[in-house]
Amino acid sequence: MAIDRIERIALWLIDSPIRSARSHGSGHVKRSVRRVILAIHTADGLVGWGEAAPWAPFGNTAETALAALRHVLVPALTGQDATRIVACMATCAGAIAGHADAKAALEMALWDIAGKRLGAPVSALFGGLVRAAIPLSFSIADPDFTSDLDRARDMHAQGHRIFKVKTGFLDPAEDMRRLDALRAALPGMDLRVDYNQGLAPHEALPVLREVERVAPTFIEQPVPRGQEASLARLAAALDTPVLADESVTSPEEMLRAVREGFADAVSIKLMKSGGLLAARAIDAIAAAAGVPSYGGTLWEGGIALAAAAHLLGTLPNCTLGCEFYMPSYALVRDIVPDVLLAGGGMVQVPGGPGLGVSVDMELLAGQALESL
Ligand code: MG
C-alpha cells in the first residue's frame, strides 16, 4: 500500500496580471490576482495539481492560505494514502478550522491523482457527465463601464448570451443606467445582477424592485452574509429569484437556507465549500429542495476551474451556467493552457485523465513570488 503515499507537496505563491482593472465591490480595485498553486507528489510517481484562490471578504488571502498549507495542512497530509481522499479531507478538517480555499486546492490535487492513476477524467469519478459544456457568464466589473460594454459587445457577437453585472458599489441610479445600457446594447441577453453583499437590509427592497424592471434572471446576494432574515424577506417579496452566494458556504448552511427560505438559487464555489465533495453535498441538498445551482468563482485560474467544471458537468441540478471566464477573458496568461473555452459562450469540461490540465513550469516560475 505504501506506493500510494503522499511523498511531497510543493507550494508556489503566484501573482498573475489581469487584462483590465476589476472591482467586485467594497471599493477595492484589482489589477492582478494572487493565488497559491500546489503539486502533490506520490511515492509511485504521480503528480496532482491544485489551486487556492482566496477572497479577503471570506477571511483569507493567498498569504494566509500559503501559511495554513505550509505550517499545518502539508505536514498533516504528508505520508497519508493519496487514494483515501475522504480520509485525507477529514485529516485536513481536523488539523485546522476554516481555510476552505487551501483545503479545496489539496482535494482537487488528490482527485487529479486518482484520475491519472485510473486513466479517467475526474468527471467520470463523480458519476460521469450530464453535460459536456456549461453556459458561460461573463461578469461586468470594470470600473470603466464603457470598456466593459465594448468587451461585452465583442463577446455577444461571438455567441455569448449571459452577462452578470456587479452592482451595489455605485449609487442605485448609476447601476440602473448601466443595466439599461446593457439591455439596449445586447438583444436577447440573459442578464444577472450580483450585489456582493452591497445593500443594507433597510434599503434593499425598493432598490431591487427597480432592478426587476430590467428582468434579471437572478439577483445575487443583495445583503451581507449574516443578514439571512433580510435575504428571506427579499426572496419572498420579489418576483425575481434571489441567489445566495456568501450566505451559503457549506452543506449545513444550505440546509439552513432551505429551512429558512433565503435561497431561491445558490452559487457553488470550491473555494468556499473547501472542495468537490462538500460542493456536491451543497448541490444535493439544494436539488432536493428544488433550488437550482450556479458555478461561481472567486479569482480562480484554469486548475481550480477545471476541477469545478468536472464536478458541475455531473450535476443535473446545476442549470444556471457558470462564470469560469478568468483564464480566457481576464488573466493575461494563465499558467495552464486554456482548455476550458469552448467558444460560443460555453465552457467545456476538459477531457484526458485527472483534471485534464498541464502546468507550464516556465510561466509558473515567472509568476511565482515564493516557492516552497
Ligand atoms: Mg457573488
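## Helix 9

Glu-253, Met-254 and Ala-257 are buried (under 20%). Helix 9 spans residues 251–260. Down its axis, the buried residues fall within an arc of 105°, so they line one face of the helix. The arc is taken from the directions from the helix axis to the C-beta atoms. These buried residues pack against strand 10 and helix 11 (contact: heavy atoms within 4.5 Å). Gly-261 follows helix 9, and its phi is positive, near 70°.

## About the model

This is a predicted model: local features need pLDDT of at least 70, side-chain atom pairs count only at pLDDT 80 or more, and totals for chains, interfaces and linings use all residues. Residues are numbered from 1 along each chain as its sequence is written, and side-chain values use heavy atoms, leaving out hydrogens and water.

Helices (H or I, at least four residues) and strands (E, at least two) are DSSP runs, numbered from the N terminus.

## Strand 5

In strand 5, Ser-137 and Ser-139 point one way. Phe-138 and Ile-140 point the other way. All are buried. Strands 5 and 6 pair in the parallel sense over four bridges (DSSP must find at least two). Ile-162 in strand 6 is the bridge partner of Ser-137.

## An aromatic pair

Phe-138 and Tyr-325 form an edge-to-face pair, 4.9 Å centre to centre with 65° between the planes. Ring centres must lie within 6.5 Å; planes under 30 degrees apart count as stacked, over 60 as edge-to-face and the rest as tilted. Phe-138 lies in strand 5 and Tyr-325 in a loop, so the pair ties together parts 187 residues apart in sequence.

Technical notes. Buried < 20%, exposed > 50% of the residue type's maximum accessible area, 1.4 Å probe, protein only. Phe/Tyr/Trp six-rings, centres within 6.5 Å; stacked < 30°, edge-to-face > 60°.
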